[in-house]
Amino acid sequence: MKMEREEIYEMVIREMTETAVRERNEQSPEEQELQDKVARLSKEMQEKIKDLPEDVKKSITDYVEATLLAADHDCLYLYEQGAKDCVALLKKLGVL
């Protein structure tokens, strides 16, 4: 199956974004603390919702997943928009 250009661009942007976040997290104790807190709270939430009725548990899980997916889409959009803004600025400054 041949990948379309847009799929390739999205894959590259996603990889660059994930790499940048991973590097930031490795170099920043504050970010690592935040990631540890998120992991701890995730385990805590899973433990607390396990005894809820299935429909309630599904609603909570669906909400959390949709929120995370929306944040991921926002992150990718902002990364791409930042690159576009950078190019526009460099053109305005006569660098490009």
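Why are lysine 84 and glutamate 80 separated by about one helical turn? They sit four residues apart in helix H3, so about one turn lies between them. I'll come back to that pair, but first some housekeeping.

This is a predicted model, so local features need pLDDT of at least 70, side-chain atom pairs count only at pLDDT 80 or more, and totals for chains, interfaces and linings use all residues. Residues are numbered from 1 along each chain as its sequence is written, and side-chain values use heavy atoms, with hydrogens and water left out.

Okay, helix H1. Helices here are DSSP runs of H or I, at least four residues, numbered from the N terminus. H1 covers residues 5–27, which is 23 residues, and reaches 33 Å from its first C-alpha to its last. That is close to the 33 Å expected at 1.5 Å a residue, where the expected span is 1.5 Å times one less than the number of residues. After H3 comes glycine 94, with a positive phi near 80 degrees.

So what is buried in H1? Ile13, Thr17 and Asn25 are, buried being under 20% relative accessible area, exposed over 50%, and partly exposed in between, with a 1.4 Å probe and protein chains only.

Let's take H3's side of that. The axes of H1 and H3 come within 10 Å and cross at roughly 100 degrees; axes are lines fitted to C-alpha atoms, over the stretch in contact for helices, and angles run from 0 to 180 degrees between N-to-C directions. H1 and H3 are therefore roughly perpendicular, a label for 65 to 115 degrees (under 35 is roughly parallel, over 145 roughly antiparallel, the rest oblique). In contact terms, meaning heavy atoms within 4.5 Å, Ile13, Arg14, Met16 and Thr17 of H1 meet Asp72, Cys75, Leu76, Tyr79 and Glu80 of H3. By class, that contact has five nonpolar, one polar and three charged residues. For those classes, Ala, Val, Leu, Ile, Met, Phe, Trp, Tyr, Cys and Pro are nonpolar, Asp, Glu, Lys and Arg charged, and the others, Gly among them, polar.

Now H2. Its axis and that of H1 come within 5 Å and cross at roughly 105 degrees, which makes H1 roughly perpendicular to H2. Here Arg24, Asn25 and Gln27 in H1 meet Pro29, Glu31, Gln32 and Gln35 in H2. This contact splits into one nonpolar, four polar and two charged residues.

On to salt bridges: how many does the structure hold? Seven, counting a side-chain nitrogen of Lys or Arg within 4 Å of a carboxyl oxygen of Asp or Glu. One of them joins arginine 14 to aspartate 72, closest N and O atoms 3.0 Å apart. That pair links distant parts of the chain, H1 to H3, 58 residues apart. Arginine 14 is partly exposed at 25%, and aspartate 72 is partly exposed at 28%.

Back to our opening pair: lysine 84 and glutamate 80 form a salt bridge too, at 3.4 Å, N to O. Lysine 84 is partly exposed at 48% relative accessibility, and glutamate 80 is partly exposed at 35%. Also in H3, aspartate 62 and lysine 58 bridge at 2.8 Å, N to O, and being four residues apart, they are separated by about one helical turn.

Definitions and conventions
Helix = DSSP H or I, 4+ residues; strand = E, 2+ residues; numbered from the N terminus.
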